[in-house]
Amino acid sequence: MPRPGRSGAYEDPAAALAAAAELLAVLHARGQDGVTPAVSPSQLRALLAVEAAEGVNLRTLGEVLGSRPPSVTRLCDRLEAMGLLTRSPHPTRRREVEVHLTPQGRTLLDERRAIRVRELSAVLGRMAPDAVEALMTGLAAFREAAAGLYPAGGPPAAAEASAPPASVPSTAAAQVPDSA
């Protein structure tokens with residue numbers, strides 16, 4: 001619903017955020033450019049979920065991803081074949097299988113984050129410092145409000161937004177958290 005007294009192309013804050021999210025999706029996709037092996041969005045989500053909970057079992061990974069066990073198994077098969085993760089038996093619960101990132105999987109995520117930070121920094125560098133500060137304040141408030149809706153760390157797709165940046169340039173614009 002539009003807010004009285006607001007001017008600009010987007011009177012509805014949700015519509016403005018949706019438009020910004022679409023632009024961020026384009027910038028986010030650029031994080032795939034030049035990084036090999038190329039991974040699909042569902043593969044990326046799985047890698048990020050494993051990174052966030054190293055040693056997660058397949059059942060829990062399926063819950064986080066909102067996928068059924070056969071789909072999770074096939075997804076892990078592909079990621080393991082690409083050398084991005086490994087599966088191993090749980091040390092004490094022999095019916096459970098743990099999933100871990102490989103060094104190549106960590107490197108892939110780090111490279112994607114570095115590319116996205118560079119892309120976002122280029123956009124933020126074109127903004128006035130007070131606009132960047134206002135954006136930072138708004139993002140902090142947004143994260144706080146979202147945490148109230150998703151107290152267990154956010155919805156499964158949001159796990160990537162909570163990952164820390166691999167490397168951040170030392171400009172004021174680089175204070176924006178990475179959205180891997």
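Predicted model: local features only at pLDDT ≥ 70, side-chain atom pairs only at ≥ 80, totals over all residues.
Local features need pLDDT of at least 70 and side-chain atom pairs count only at pLDDT 80 or more, whereas totals for chains, interfaces and linings use all residues. Residues are numbered from 1 along each chain as its sequence is written, and side-chain values use heavy atoms, with hydrogens and water left out.

Q: What makes up the chain in terms of helices and strands?
A: The chain has six helices and three strands, in the order α-α-β-α-α-β-β-α-α along the sequence.

Q: How many residues does the largest nonpolar core have, and which have the most contacts inside it?
A: The core has 22 residues, and Leu47, Leu61, Leu79, Leu108 and Leu109 have the most contacts inside it. The term denotes buried Ala, Val, Leu, Ile, Met, Phe, Trp, Tyr and Cys residues joined through side-chain atoms within 4.5 Å. Buried means under 20% relative accessible area, exposed over 50% and partly exposed in between (1.4 Å probe, protein chains only). Of the 180 residues of the chain, 29% count as buried.

Q: Which elements give two or more residues to this core?
A: They are α2 (41-52), α3 (58-65), α4 (69-81), β3 (97-101) and α5 (103-124). The most comes from α2, with six residues.

Q: Which residues does Leu79 touch, not counting those up to four places away in sequence?
A: Leu79 touches Gln43, Ala46, Leu47, Leu84 and Leu85, where contact means heavy atoms within 4.5 Å.

Q: Why is α2 called oblique to α3?
A: The two helices pack at about 125°, with their axes 10 Å apart. Axes are lines fitted to C-alpha atoms, for helices over the stretch in contact, and angles run from 0 to 180 degrees between N-to-C directions. Angles under 35 degrees count as roughly parallel, over 145 as roughly antiparallel, 65 to 115 as roughly perpendicular and the rest as oblique. The angle therefore makes α2 oblique to α3. Arg45, Ala46, Ala49 and Val50 in α2 meet Leu61, Val64 and Leu65 in α3.

Q: What makes α3 roughly perpendicular to α4?
A: Their axes come within 9 Å and cross at roughly 100°, so α3 is roughly perpendicular to α4. Leu58, Leu61, Gly62 and Leu65 of α3 make the contact with Val72, Leu75 and Cys76 of α4.

Q: Why is α2 called roughly perpendicular to α5?
A: These helices pack at about 110°, with axes 11 Å apart, and α2 is therefore roughly perpendicular to α5. The contact joins Leu44, Leu47, Leu48 and Glu51 of α2 to Leu108, Leu109, Arg112 and Arg113 of α5.

Technical notes:
Helix = DSSP H or I, 4+ residues; strand = E, 2+ residues; numbered from the N terminus.
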